[in-house]
There are 2 protein chains.
Amino acid sequence: MHIETVLNGLERRDPAALARAISLVENQRDGFERILSYAHTRLGETAARRIGITGPPGAGKSTLTERLIQALRREGRSVAVIAVDPTSPYTGGALLGDRIRMESASTDPGVFIRSMATRGSVGGLAMTTDEVADVVAAFGFERILIETVGVGQTELDIARGAESTVLVLVPESGDGIQALKAGVMEAADLYVINKADRSGADRLRQEIEIMLGIRRGNAFRHVGPHHGTRRRVGPRAGATDDAVTAPPQPTWEPPVLATVATAGTGVDELVAALERHHAFLVASGRLGERRRRRLVDRTRAAVERAVRRWVWEETRAEEVIAARLDDVMAARRSPYDVATEILDQIRTGVTR
Amino acid sequence: MHIETVLNGLERRDPAALARAISLVENQRDGFERILSYAHTRLGETAARRIGITGPPGAGKSTLTERLIQALRREGRSVAVIAVDPTSPYTGGALLGDRIRMESASTDPGVFIRSMATRGSVGGLAMTTDEVADVVAAFGFERILIETVGVGQTELDIARGAESTVLVLVPESGDGIQALKAGVMEAADLYVINKADRSGADRLRQEIEIMLGIRRGNAFRHVGPHHGTRRRVGPRAGATDDAVTAPPQPTWEPPVLATVATAGTGVDELVAALERHHAFLVASGRLGERRRRRLVDRTRAAVERAVRRWVWEETRAEEVIAARLDDVMAARRSPYDVATEILDQIRTGVTR
């Protein structure tokens with residue numbers, strides 16, 4: 001399919017064009033940046049909300065996602081799901097969850113499901129997920145559920161593209177304590193204890209609430225992966241302790257919700273909590289902040305990608321590496337010496 | 001500690017300097033490339049072998065690693081362990097395993113253990129692990145065990161820095177089938193069925209052997225993450241089917257070993273198999289090939305890192321992004337337009 005055909009198809013809201021556009025973006029085929037530029041111009045017109053759903057394998061995220069689809073459909077919302085499994089083929093999460101949900105939802109044009117596998121390097125997965133979400137949002141889907149397996153840094157980077165992040169935990173597995181140790185739980189906007197009918201649910205809730213109490217008591221919050229910066233958030237950011245000058249601002253206390261996804265219990269409450277979180281993001285100005293931050297990150301990543309491609313395809317970098325390899329093998333030069341040589345050439349404009 | 005002090009300390013084989021050097025490399029502090037260049041020049045003199053140990057959480061890798069340390073120490077080898085957990089804080093692998101082994105081995109100067117956490121982006125973890133292994137090898141450790149949790153792409157990228165990769169699986173978990181599906185098992189040189197006294201061990205062995213049979217029947221093998229290239233390996237690579245001109249070359253049939261790490265069963269056999277694999281790598285010329293490939297990869301990565309740093313620290317890229325952000329927010333430009341603008345400036349030598 002020619003790129004113009006894909007763009008026309010997207011404009012006509014042709015599902016085949018959507019699938020094709022996503023493949024082009026996922027595999028960075030020729031013209032994918034035109035699709036992304038097109039999607040970017042359409043994003044302002046859409047009301048898509050991005051909801052990240054993350055948690056360890058076995059937490060029931062796939063079932064919960066399926067229940068969320070049903071609940072959102074009952075409200076008349078179109079729903080897209082992007083299922084990402086960056087961790088390991090052992091979890092089987094994305095593919096299996098995808099297949100199950102495909103079966104139950106495939107006849108509904110208001111539902112779109114796509115799973116993304118880890119291909120090649122993991123590094124760009126968060127960016128690609130974000131970009132696929134852009135395409136889906138530009139197509140007109142109103143809610144985009146981004147489901148990731150695991151709660152490592154990669155998953156958090158992926159979830160960071162969402163406006164609301166839901167961390168799904170289950171009793172019994174000691175998840176709470178582990179997550180506390182890792183500092184990972186900091187990142188979520190909503191907490192869900194799934195399989196809440198099991199023993200240990202109360203204990204897990206206590207652990208989460210203790211963690212949230214600690215977090216409230218601490219005015220510093222990690223806000224992004226770039227350079228590990230921390231900044232003060234909340235109404236009194238930048239104010240001294242006795243100066244009460246800032247107007248009161250809405251605050252967000254992350255709720256701890258209980259669900260039994262298999263039975264559908266607690267799902268409507270989760271939908272309502274997501275609605276409240278969105279209202280908070282709008283009222284507090286955070287929605288705009290998050291969008292701004294996302295676009296800066298996106299632009300930086302696009303620059304790095306473009307520069308990388310340029311270096312390998314249009315400069316003499318590969319030739320220099322080949323010419324120096326014997327020296328490097330014989331330890332007469334190091335890879336770092338060669339990198340410096342190449343950078344010097346690039347810097348002074350010596351390209352082929 | 002000043003960088004010269006660290007380099008002198010490494011030359012004197014001071015353990016404190018080693019720890020410091022690794023920290024500098026891990027965190028890419030000023031001067032870390034000098035340490036790496038120094039390490040690179042020493043690598044030719046050392047006989048360090050790098051052994052990757054990978055597998056899903058719960059496979060008993062930490063215990064197996066501890067047993068391997070003991071066995072290698074009995075042979076008089078100095079051993080370093082680099083434990084990496086790229087997947088998730090939920091596995092707890094690296095930290096816990098580290099602590100346990102620290103206790104049992106910390107008084108032995110012939111053993112060095114270091115765990116590496118995922119900090120910030122996962123993208124560079126494989127490279128950093130490789131570089132830390134260089135420093136440890138240059139210091140004189142003869143065997144370097146690189147233990148990773150999980151068998152996703154990141155773990156395979158990390159394992160790729162090793163000369164011999166051991167995939168540890170356990171019965172009961174259905175690992176074999178999952179790995180078959182994912183094509184992940186292709187990458188290992190040795191297979192270990194740990195907890196081999198459990199039921200299901202025979203079935204897992206059959207699954208692995210079926211997979212290996214399929215692999216033997218298939219002359220194409222995936223050889224690297226770069227651009228997903230595939231190439232023909234083995235003596236007849238490039239030869240036509242009826243031209244028998246190449247001399248016979250040693251081949252490697254990946255063994256499927258059984259261990260019970262907790263009891264120490266099968267560990268000596270694993271050590272012997274690793275020895276055979278090393279002999280094969282030397283005899284077949286693969287050791288040189290792998291080293292060559294690793295150094296090309298390393299140099300490419302060093303170039304990308306140097307270029308990235310240059311773009312953000314010495315060009316006007318950040319200023320351009322800031323100047324265009326309002327346009328991007330208002331969808332008058334896309335992040336990709338801005339990336340193109342910045343690349344054009346870099347390309348034509350417009351730097352500040």
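Q: How many helices and strands are there in chain A?
A: This is a predicted model. Its chain A has both element types, and the strands number nine. The helices of chain A number 13.

Q: What share of the residues of chain A counts as buried?
A: Chain A has 352 residues. A residue is buried if 20 or more other C-beta atoms lie within 10 Å of its own. In chain A that share is 45%.

Q: What share of the contacts in chain A with a separation of 6 or more comes from residues 24 or more positions apart?
A: The count covers contacts in chain A with a separation of 6 or more. Residues 24 or more positions apart account for 71%.

Q: What span should helix α10 of chain B have at 1.5 Å a residue?
A: Helix α10(B) covers residues 267-284, which is 18 residues. The expected span is 1.5 Å times one less than the number of residues.

Q: Which residue just after α10(B) takes a positive phi?
A: The phi in question is about 85 degrees. The residue that takes it, just after α10(B), is Gly285(B).

Q: With which residues is Ala201(B) in contact, leaving aside its neighbours within four places in sequence?
A: Ala201(B) is in helix α9 (residues 201-217) of chain B. It is partly exposed, with 19 other C-beta atoms within 10 Å. Its C-alpha is 7.4 Å from that of Val170(B), 31 residues away in sequence. The contacts are Pro171(B), Ile193(B), Ala196(B) and Ala258(B).

Q: Are α2(B) and α3(B) parallel or oblique to each other?
A: The axes of α2(B) (residues 15-26) and α3(B) (residues 32-43) come within 8 Å and cross at roughly 120 degrees. The range for roughly perpendicular is 65 to 115 degrees, and roughly antiparallel starts over 145. The two helices are therefore oblique.

Q: Which residues of α3(B) make the contact with α2(B)?
A: The crossing of α2(B) past α3(B) is left-handed. From α2(B) come Ala21(B), Leu24(B) and Val25(B). From α3(B) come Phe32(B), Ile35(B) and Leu36(B).

Q: Is Arg13(A) buried or exposed?
A: Arg13(A) lies in the loop between α1 (3-11) and α2 (15-26) of chain A. It is not a glycine, yet has a positive phi of about 60 degrees. It has 11 other C-beta atoms within 10 Å, and 12 or fewer is the cut-off. Arg13(A) is therefore exposed.

Q: Is Lys195(A) buried or exposed?
A: Lys195(A) lies in the loop between β6 (190-193) and α9 (201-217) of chain A. Its phi is positive, about 55 degrees, although it is not a glycine. With 23 C-beta neighbours inside 10 Å, Lys195(A) counts as buried.

Terms used: Residues numbered from 1 in each chain as written. Chains lettered and ligands numbered in written order. Predicted model: local features only at pLDDT ≥ 70, side-chain atom pairs only at ≥ 80, totals over all residues. Helix = DSSP H or I, 4+ residues; strand = E, 2+ residues; numbered from the N terminus. Contact = placed C-beta atoms within 7 Å. Axes fitted to C-alpha atoms, helices over the stretch in contact; angles between N-to-C directions. Parallel < 35°, antiparallel > 145°, perpendicular 65-115°, else oblique. Left-handed = near helix turned anticlockwise from the far one by under 90°.
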